[in-house]
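The points below are meant for a colleague opening this model for the first time. Please keep the sequence and the structure in view while reading.

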Amino acid sequence: MAEYDRISGIYSVLEESFKSDSRERILDMMDVQYGENVLEIGVGTGHSMARMAEQVGEEGSVCGLDISPVMISKAKERLVKTCDHGRTDLILADALSIPFSENVFDAVLMSFSLELFHEEDRRKLLGNISRVLKPRGRICVLCLSSRSKSVMRDIYETIQERFPDHIDCVPIDVVEELESMGYTIGSHREDVLYGLPVSYACAHIKRHQY
Ligand SMILES: C[S@@+](CC[C@H](N)C(=O)[O-])C[C@H]1O[C@@H](n2cnc3c(N)ncnc32)[C@H](O)[C@@H]1O
């Protein structure tokens, strides 16, 4: 993930302007409650964590995990400046080996990060998430969607195929993938972000997969 280390400065500015509405929308769907324990995987520069830390308050906790040391340090800077409440923790780790035991989290957020993984790794990751979620815990995903077509999506995928090291998000069918891993969709909507189809989905675990 050296690329994310390299682009973290510009990424922070771009995500503020391009992604803030969609981030707010998935956080609204996630509806984090006071006292909950929440995990964000692929935390980036920590925008969503800052809001979730306010929501969980002093009785809850928010843990952010990212593979990029630079993203983790940017997120830390943001949280130091913005968080009065809540317990926050940032962990440098690969999402494919989530370092937590079973039944720890009420909710897990993945915002523009699930679609970075190849299909086999996504299945492994979704299985690991169901392991760390409490029974009836929820996963909320915001991602580029392959469920609908658009001209921008065609253009994006053409560029992505040519420069996979620079453009690493690949549109996925998150509803199908969550259901195939034993999750039950609670809420879902499709939208368009700058011409690109995006999915918002929140799902519960029906049964543990491990
Ligand atoms: C496109 S950014 C999304 C950041 C943020 N969630 C957002 O909505 O803007 C993807 C993030 O996932 C992280 N990431 C990529 N692969 C990862 C992995 N294997 N384990 C943990 N984090 C990873 C990257 O370092 C980056 O911070």
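1. Between which two helices does the loop that holds Ile-172 lie? Ile-172 sits in the loop between helix H5 (151-162) and helix H6 (174-180), where helices (H or I, at least four residues) and strands (E, at least two) are DSSP runs numbered from the N terminus. Ile-172 counts as buried because it has 21 C-beta neighbours inside 10 Å; the term asks for 20 or more other C-beta atoms within 10 Å of the residue's own, whereas 12 or fewer make a residue exposed and the values in between make it partly exposed, with C-beta atoms placed from the backbone. The C-alpha atom of Ile-172 is separated by 9.1 Å from that of Glu-119, and these two residues are 53 residues apart along the chain.

2. Some words on the basis of the note are in order. This is a predicted model, in which local features need pLDDT of at least 70 and side-chain atom pairs count only at pLDDT 80 or more, while totals for chains, interfaces and linings use all residues. Residues are numbered from 1 along each chain as its sequence is written.

3. The chain as a whole has six helices and seven strands, and from the N terminus on its elements follow the order α-β-α-β-α-β-β-α-β-α-α-β-β. Of its 210 residues, 40% count as buried.

4. Strand E2 (61-66) deserves a careful look. Six of the six residues of E2 are buried, so this strand is largely enclosed by the rest of the structure. Ser-61, Cys-63 and Leu-65 point one way from the strand, and Val-62, Gly-64 and Asp-66 point the other way.

5. The neighbours of E2 can be followed strand by strand. E2 pairs with strand E1 (residues 37-41) in the parallel sense over five bridges, pairing being assigned if DSSP finds at least two bridges between two strands, and Glu-40 stands opposite Gly-64 in E2. Strand E3 (residues 87-92) also runs parallel to E2, to which six bridges join it, and here Asp-89 is the bridge partner of Cys-63.

6. E1 has a further partner, strand E4 (residues 105-111), with which it pairs in the parallel sense over three bridges; in this pairing Leu-39 stands opposite Val-108 in E4. Four of the five residues of E1 are buried, so E1 is largely enclosed by the rest of the structure.

7. E1, helix H2 (residues 47-56) and E2 together make a right-handed β-α-β unit, where right-handed says that, with the strands pointing away from the viewer, the path from the first strand over the helix to the second runs clockwise. The buried residues of H2 include His-47, Met-49, Met-52 and Val-56, and H2 is followed by Gly-57, whose phi is positive, near 65 degrees.

8. Which residues of helix H3 are buried, and which are exposed on its other side? Met-71, Ile-72, Lys-74, Ala-75 and Leu-79 are buried in H3. They cover an arc of only 160 degrees around the axis, which puts them on the same side of H3; the arc is that of the directions from the helix axis to the C-beta atoms. Val-80 and Lys-81, on the other side of H3, are exposed.

9. The ligand has 20 residues around it, of which Gly-42, Gly-44, Ser-68, Ala-95 and Ser-111 come nearest; a residue is near a molecule if its C-beta atom, placed from the backbone, lies within 6 Å of it. Helix H1 (2-30) and E2 each supply at least two residues of this shell, and the largest share, four residues, comes from H1. The shell divides into ten nonpolar, five polar and five charged residues, with Ala, Val, Leu, Ile, Met, Phe, Trp, Tyr, Cys and Pro counted as nonpolar, Asp, Glu, Lys and Arg as charged, and the others, Gly among them, as polar.

10. Finally, the helices on either side of the loop in the opening point may be examined. H5 is hardly covered, since the count of buried residues among its twelve residues is one. In helix H6 lies Leu-178, which counts as buried because it has 25 C-beta neighbours inside 10 Å. The C-alpha atoms of Leu-178 and Arg-122, 56 residues apart along the chain, are separated by 9.8 Å.
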